[in-house]
Amino acid sequence: MPRTSSHGHHTSAPTGQQRATAILVTGAGGEMGHGLLEALDARRKRHAECSCGKDHGPAPVIVAMDIRELAPEIASHCDHAFVGDICDHALLERLLAMFEIAEIYHLAALLSTRGEFAPETAHQVNVGGTLNLLHLAAEQARSHGRTVRFFFPSSIAVYGLPDLATKANAGRVNEGEWCEPQSMYGCNKLAGEHLGRYYDRHYRSLAKDRIGHPVDFRSIRFPGIISSDTIPSGGTSDYGPEMIHAAAAGRPYACFVRGDSRIPFMTMPEAIEATLSLMKAPKTSLTRAVYNISSFSPSADDFAELVRRAFPSAAISFEPDAGRQSIVDSWPTDCDDAAARADWGWRPVHTVQSAFSEYLLPRIAARYAPSSHARA
Ligand code: AKB
């Protein structure tokens, strides 16, 4: 269990002593935080057990932050867990005083559907929070003299195709095309990318006491992510994972987009692996700050067919919601991931068929047993 589990009120790492080197994960209680904390903890254990004979030094402590208390199974993967808001400057200052932060995974965000109901709040959390974390990273770099590596999960939501004909003609979009987002979340993610690039390359460019390159900013534009362990909430790509989990749990599902809607998806393990690969790539091999990655692009009908094949009694209907449909229609069908392949060796693991047969179905069936009746 974490040594600190606080609402930002008490501290356990004594100040005045040497600060422990730390990895900070914000939004740790979310879908991606779940998978990432597990992977970081596993990496740390491998590091501790390594018998290569080299002195790797002490592994960094893992510090998690979320607006809600972490579930015990997530908290078990970190050393310190803080319940707090990324907009709370006092809490961020306290982290600065307590830890020597070497890496930040800034996952906290309000997703695209939730953001449309409260756009100004989404902006405050998604852009204001990102700015606070980038500032924290830059101040950390100033205090310990080393560049802080910063991971920012961006999204296909930064793209905005104006209509279906343009979407069909655009095909696989590259990082520079069609960056005119429709949703507030997309605007916020694009702003986060620009801010990250600024802190990496130009932070306080005119200040006499500026330190060069305080933040090493790296970002991936993720597609919809499907996890066998968690169900997303607040996103617009949620129909894919919702359909699968509903069928496994024996619940009917009304899909909120048309059957011919097509956007890119990937599995959670692919997303986590991509994150760790990009973060460990040598800076000299990176030609950009922000990368597309791509795995598979099923239509909602393709999803439904695979789900029905696995769960023959699945009750799936289509009841498109005009607003959410229009957001999905503005996202590309696929992304050009050539730069990620060339620079840091990105390769997708799954096709949509193997994502179902090798990852989703075996794990989901176990999760929902005995109510599930998945066909092997
Ligand atoms: C959302 O639907 O908002 C997210 C995303 C595509 O970034 N899953």
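**A tour of the pockets and the ligand**

Select the lining of the largest pocket, which by class holds 25 nonpolar, 16 polar and eight charged residues; here Ala, Val, Leu, Ile, Met, Phe, Trp, Tyr, Cys and Pro count as nonpolar, Asp, Glu, Lys and Arg as charged, and the others, Gly among them, as polar. A pocket is an open set of points on a 1 Å grid over the protein atoms alone, where a 1.4 Å probe fits and protein lies on both sides within 12 Å along at least five of seven lines, and lining residues have an atom within 4 Å of a point. This is a predicted model, in which local features need pLDDT of at least 70 and side-chain atom pairs count only at pLDDT 80 or more, while totals for chains, interfaces and linings use all residues. Residues are numbered from 1 along each chain as its sequence is written, and side-chain values use heavy atoms, with hydrogens and water left out.

Next, select Gly30, Glu31, Leu107, Ala109 and Leu111, which, of the 49 lining residues, lie nearest the centre of the largest pocket.

Now show the ligand, which sits in this largest pocket, meaning that more than half of its atoms lie within 2 Å of the grid points. Select Ser112, where a polar side-chain atom lies 2.5 Å from an oxygen atom of the ligand, and then Ser155, where an N or O atom of the side chain is 2.7 Å from a ligand oxygen; a polar contact is a pair of N or O atoms within 3.5 Å. At Tyr185, a polar side-chain atom lies 2.9 Å from an oxygen atom of the ligand.

Technical notes. A polar contact is a pair of N or O atoms within 3.5 Å; within protein, one must be able to donate a hydrogen and the other to accept it, and residues adjacent in sequence count only if both atoms are side-chain atoms.
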